[in-house]
Amino acid sequence: MSGFADSSAVMPATMHVIDSHTEGEPTRVIIDGWPLPAGDTMALRRQALAENADHLRRAVVCEPRGHAAMVGALLTPPVRSASTAGIIFFNSRTYLGMCGHGLIGVVQTLVHLGRLGEGRWQFDTPAGTVSVDLDDAGEITMENVPARCHELDVELAVPGIGAVRGDVAYGGNWFFLAHSHRAPLELGAAAELTREARAIESALTAQGIRGADGEPIDHIEFSGSPTRSDADARNFVLCSSGDYDRSPCGTGTSATMAVLHARGSLPIGAVWRQESITGGVFSGWLDSGPDGELLPHIRARAFITAEATLVFADDDPFRTGFGE
Ligand code: PYC
């Protein structure tokens, strides 16, 4: 079923949101004012949003109220009885299956609101159910949906760049983990890295290289040596918004660990410290699930940055945002 539980609430006058960042990458959680999408699964609810209420996504995360690096998180009732809530993640261009930094931002937001305390909590997402452990020191550890390495050493011809080799892997979103990049992995080269990663993404689409079930590969990751002595590698991740992740990317770190495991260089339980282009770090490790699936764990910090009421005046020509 698609549609809205309350189809009369087309564009609310205001929405209450809480903003946070997880190692630099922003998340905006909608607290109230957004009519709930109908559907018995999180995938159907995401489809209902995309088909019938995409203006709400644009209003919240596109300019002038948001920006391309921002991820929005809509909380819904859970679809599984053991879960605390459902979450639909979205950005200025599209919807996500899962979002690691975003989940940690949602949990920090619920802690801030006094709605979540120490313990283990589950959340339903379009990619599947994920868990979060909240310890007495306030550290947040998520257990992601199973990650997998889909194909190693894929050859790609990238116009303007040449041959690029990389691995295709899933960590809640689909990733191409390129083995090389031209621009240095430095924040000052972000624009160049973004152009390079976009060229790779276009080449993947043009050459029909996709994830399992024909899923588009809409995240591109570059990897290199860390600048911090406490990290194993540094990355740059182009997201499906067309902008880059300021954090080490939870789903990207999950996909990276699945590839490292497939190559025999990351045993189950070994800790992987992933540095981002902005210098933040996620700690990750893989567990083995009951059917041998790889369950990525990511530990990180998030901080509240704002509590706000977004206002959408009837006569504001940009009340549903601009851009994509
Ligand atoms: O942390 O998984 C993540 C993520 C995906 C897109 C932006 N952040």
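The largest cavity is lined by 20 residues, and those nearest its centre are Glu25, Val71, Leu96, Cys239 and Asp245. Helix 3 and helix 5 (250-262) are the elements that give two or more residues to this lining; helices (H or I, at least four residues) and strands (E, at least two) are DSSP runs, numbered from the N terminus. The model is a predicted one, in which local features need pLDDT of at least 70 and side-chain atom pairs count only at pLDDT 80 or more, whereas totals for chains, interfaces and linings use all residues. Residues are numbered from 1 along each chain as its sequence is written, and side-chain values use heavy atoms, with hydrogens and water left out.

A cavity is a set of points, on a 1 Å grid over the protein atoms alone, where a 1.4 Å probe fits but cannot get out; a pocket is an open set with protein on both sides within 12 Å along at least five of seven lines, and lining residues have an atom within 4 Å of a point. Grid points are joined across faces, edges and corners, and a volume is the space filled by probe spheres set on the points. By this rule there is one cavity of 30 Å³ or more. The largest cavity holds about 130 Å³ of space, and its lining comprises nine nonpolar, eight polar and three charged residues. In this classification Ala, Val, Leu, Ile, Met, Phe, Trp, Tyr, Cys and Pro count as nonpolar, Asp, Glu, Lys and Arg as charged, and the others, Gly among them, as polar.

The ligand is surrounded by Leu96, Cys99, Gly100, His101, His219, Cys239, Asp245, Cys249, Gly250 and Thr251, each with a heavy atom within 4 Å of it. A polar backbone atom of Gly100 is 2.8 Å from an oxygen atom of the ligand. For His101, a backbone N or O atom lies 2.8 Å from a ligand oxygen atom, and for Thr251 a polar side-chain atom lies 2.8 Å from an oxygen atom of the ligand.

Open pockets come next. The largest pocket has a volume of about 390 Å³. Its lining consists of 19 residues, with Arg46, Gly97, Tyr170, Trp174 and Glu215 nearest its centre, and divides into eight nonpolar, six polar and five charged residues. The second largest pocket contains about 230 Å³ of space and is lined by 13 residues, of which Asp167, Leu177, Ser223, Thr256 and Val259 lie nearest its centre. Strand 10 (174-178), strand 11 (219-224), helix 5 and strand 13 (272-275) each give two or more residues to that lining; the largest share, three residues, comes from helix 5.

Burial can be followed through helix 2 (residues 54-61), which is largely enclosed by the rest of the structure because six of its eight residues are buried. Buried means under 20% relative accessible area, exposed over 50%, and partly exposed in between (1.4 Å probe, protein chains only). The buried residues of helix 2 are His55, Leu56, Arg57, Ala59, Val60 and Val61. Their cover includes strand 1 (14-22), helix 1 (42-52) and strand 16 (302-311).

Gln108, in helix 3 (residues 100-112), also counts as buried, because its relative accessibility is 18%. Beyond its neighbours within four places in sequence, Gln108 is in contact (heavy atoms within 4.5 Å) with Ile140, Ala302, Phe303 and Ile304. Ala137, by contrast, lies in the loop between strand 6 (128-134) and strand 7 (140-143) and is exposed, with a relative accessible area of 64%.

Notes
Polar contact = N/O pair within 3.5 Å; in protein donor to acceptor, adjacent residues only side chain to side chain.
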